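Student: Please show me how to read the features of a model like this one. I would like the general idea first, then the case at hand.

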Amino acid sequence: MFYSQKARIVWNNQYSDWFEINNGVKQGGVLSPVLFCVYIDDLLIALKSAGYGCFVGHMFTGVLAYADDLVQLSLSQRAMRQMITLCEDYAGEYDMPFNASKSKSIVCKDCDDKRDIMNHRSRFISQMNNVICVFGKLDCVTKMRLLKAYCSSFYGSELWDLANDSMKTLDKTLRNALRRIFNLPLTFHTNILNISNDNTPLYDVFCQ
């Protein structure tokens, strides 16, 4: 199936002649991901044996590979450089160039709970202002649904210490958002809104 591959190009409903594929695998081919795994397996083994990448317990999670993509995970820049060097050596040995222009490096800095909570608060305020600005003339119930649907993504909150003082600031921000949605003064008690709109308080949402 691999050595007898042929393909043709379609452009504006016009088809080219069939031509042989002598290198690589077809984009979208059913067999292609399996062949890639076979082809790249020695590299994955080498990276695992080197021990530079991330581990979850005893399970190596330093490399994720599928189709023609590789993702490398490490806890330090030095380890990442070592892993990239292994990839370069493998590419040189097997004449397999990596596309540097399509490669990206992402650094995830350590972030304490306070900073992460405040980052989510800033994102929430921005999204809330967009909803109120664009949909301000809609009824309050609809705006409330939009607030829940588009402004209430707190990815990673499962890891937060809910006793952190910044939780109070985030909760206050949400209460002010409710007041703005219903055009109420800042002194209005939002517990009434929670009951009348079947709205779960933010702290309870995080606990759930």
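Tutor: Start with burial. Buried means under 20% relative accessible area, exposed means over 50%, and partly exposed is in between (1.4 Å probe, protein chains only). Aspartate 171 has a relative accessible area of 22%, so aspartate 171 is partly exposed. Keep in mind that this is a predicted model, where local features need pLDDT of at least 70 and side-chain atom pairs count only at pLDDT 80 or more, while totals for chains, interfaces and linings use all residues. Residues are numbered from 1 along each chain as its sequence is written, and side-chain values use heavy atoms, with hydrogens and water left out.

Student: With which residue does aspartate 171 form a salt bridge?

Tutor: The rule first: a salt bridge is a side-chain nitrogen of Lys or Arg within 4 Å of a carboxyl oxygen of Asp or Glu. Here the partner is arginine 175, and the closest N and O atoms are 3.1 Å apart. Arginine 175 is partly exposed because its relative accessibility is 28%.

Student: Where do arginine 175 and aspartate 171 lie?

Tutor: Elements are DSSP runs, numbered from the N terminus: helices are H or I with at least four residues, strands are E with at least two. Both residues sit in helix α5, four residues apart, which is about one turn of the helix.

Student: How many salt bridges does the rule give?

Tutor: The count is one.

Student: Serine 166 is also in helix α5. Is serine 166 buried or exposed?

Tutor: Buried, because its relative accessible area is 4%. Helix α5 covers residues 166-181.

Student: Which residues is serine 166 in contact with?

Tutor: Contact means heavy atoms within 4.5 Å. Set aside neighbours within four places in sequence, and serine 166 contacts Lys114, Ile117 and Met118. Now look at asparagine 164, in the loop between α4 (140-150) and α5. With residues up to four places away left out, asparagine 164 touches Asp113, Lys114 and Ile117. Asparagine 164 and threonine 190 are 26 residues apart along the chain, and their C-alpha atoms are separated by 22 Å.

Student: How do I read a charged patch?

Tutor: Patches are made of residues with over 30% relative accessible area and no salt bridge; like charges are joined within 9 Å, and nonpolar side chains (Val, Leu, Ile, Met, Phe, Trp, Tyr) within 5 Å. Lys and Arg count as positive, Asp and Glu as negative, and His and the chain ends are not counted. A charge is placed at NZ of Lys, CZ of Arg, CG of Asp or CD of Glu. Accessible areas come from the Shrake-Rupley method with a 1.4 Å probe, and for residues only the protein chains shown count as cover. In this model, a surface patch of negative charge gathers Asp41, Asp42, Glu88, Asp89 and Glu93.

Student: Which element gives the largest share of the negative patch?

Tutor: Helix α2, with three residues. Glutamate 88 is in α2. Its relative accessibility is 51%, so glutamate 88 counts as exposed.

Student: Which residues make the nonpolar surface patch?

Tutor: Ile9, Trp11 and Phe19, with about 370 Å². Isoleucine 9 is in the loop between β1 (6-7) and β2 (10-11). Isoleucine 9 is partly exposed because its relative accessible area is 48%.

Student: What should I look for in the backbone angles?

Tutor: Most residues other than glycine have a negative phi, and most peptide bonds are trans. Asparagine 12 has a positive phi, near 55 degrees. Asparagine 12 lies in the loop between β2 and β3 (14-15). At 63% relative accessibility, asparagine 12 is exposed.

Student: What is the phi of asparagine 183?

Tutor: About 55 degrees, a positive value, although asparagine 183 is not a glycine. Asparagine 183 is in the loop between α5 and α6 (190-196). With 61% relative accessibility, asparagine 183 counts as exposed.
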